[in-house]
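Here is my note on the model you asked about. Please keep the structure open beside it as you read.

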Amino acid sequence: MRVLLILGMIFSFVFGEIGKITALIGDGNIKRGGELIPLKLGLKIEKNDIILTKDNTKVQIIFKDRTIITI
């Protein structure tokens, strides 16, 4: 049981969310592994995600450390 709990904590830390989309105007996708995920409000951002935006798109991300980035 302890091993599962420790593995769950490690998995959550390594692959868990690092932020989320808090504002969105326009269209775009997140490339996560081999799949494209459409951008939408509240979408969780994970480590190694690549954010792809179309022309005139604005995306705001708030990271867990409260850093705010607008693309």
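1. Start with two terms for strands. Two strands pair if DSSP finds at least two bridges between them. Helices (H or I, at least four residues) and strands (E, at least two) are DSSP runs, numbered from the N terminus. With that in hand, look at Ile-62: Ile-62 stands opposite Ile-68 in S7.

2. Some ground rules come next. This is a predicted model: local features need pLDDT of at least 70, side-chain atom pairs count only at pLDDT 80 or more, and totals for chains, interfaces and linings use all residues. Residues are numbered from 1 along each chain as its sequence is written, and side-chain values use heavy atoms, with hydrogens and water left out.

3. Now the overall layout. The protein chain holds 1 helix and 7 strands. Along the sequence, the order is α-β-β-β-β-β-β-β.

4. Follow the strand pairing. S1 and S6 pair in the antiparallel sense, over 6 bridges. Gly-19 has Phe-63 in S6 as its bridge partner. S6 also pairs with strand S7 (residues 68-70), again in the antiparallel sense, over 3 bridges. The hairpin of S6 and S7 has 4 residues between the strands, and in this hairpin Arg-66 takes a positive phi near 75°.

5. Buried means under 20% relative accessible area, exposed over 50%, and partly exposed in between (1.4 Å probe, protein chains only). Of the 71 residues in the protein chain, 18% count as buried.

6. Which residues make up the largest nonpolar core? There are 8 residues in all: Ile-21, Ile-30, Ile-37, Leu-39, Leu-43, Ile-45, Val-59 and Ile-61. A nonpolar core is a set of buried Ala, Val, Leu, Ile, Met, Phe, Trp, Tyr and Cys residues joined through side-chain atoms within 4.5 Å.

7. Contact means heavy atoms within 4.5 Å. Leaving out residues up to four places away in sequence, Ile-30 touches several residues, including Ile-21, Ile-37, Leu-39, Leu-43 and Ile-45. Asp-49, Ile-50 and Ile-51 are also among the residues that Ile-30 touches. For the protein chain, consider contacts between residues at least 6 apart in sequence: 43% of them join residues at least 24 apart.

8. Is Leu-36 buried or exposed? Leu-36 is exposed, because its relative accessible area is 54%. Leu-36 lies in strand S3 (residues 35-38). Neighbours within four places in sequence aside, Leu-36 is in contact with Asn-29, Ile-30, Lys-31 and Leu-52. Leu-36 and Leu-52 are 16 residues apart in sequence, and their C-alpha atoms are 9.2 Å apart in space.

9. How many salt bridges does a search of the whole structure find? The search finds 3. A salt bridge is a side-chain nitrogen of Lys or Arg within 4 Å of a carboxyl oxygen of Asp or Glu.

10. Lys-44 lies in strand S4 (residues 44-46) and Glu-17 in strand S1 (residues 17-25), so the pair ties together parts that are 27 residues apart in sequence. Lys-44 is partly exposed, at 47% relative accessible area. Glu-17 is partly exposed too, at 28%.

11. The side chains of Glu-46 and Arg-32 meet in a salt bridge (3.7 Å, N to O). This pair links distant parts of the chain: Glu-46 is in strand S4 and Arg-32 in strand S2 (residues 28-32), 14 residues apart. Arg-32 also forms a salt bridge with Asp-49 through their side chains (2.7 Å, N to O). Asp-49 sits in the loop between S4 and S5, so this pair ties together parts that are 17 residues apart in sequence. Salt bridges that share partners join Arg-32, Glu-46 and Asp-49 into one network. Glu-46 is partly exposed, at 27% relative accessible area, whereas Asp-49 is buried, at 15%.

12. Finish at Thr-57. Thr-57 is in the loop between strand S5 (50-53) and strand S6 (58-63). Thr-57 counts as buried because its relative accessibility is 10%. The Thr-57 side chain reaches the backbone oxygen of Asp-27 at 2.8 Å. That is a polar contact: a pair of N or O atoms within 3.5 Å; within protein, one must be able to donate a hydrogen and the other to accept it, and residues adjacent in sequence count only if both atoms are side-chain atoms. Residues up to four places away in sequence aside, Thr-57 touches Leu-24, Ile-25, Gly-26, Asp-27 and Ile-71.
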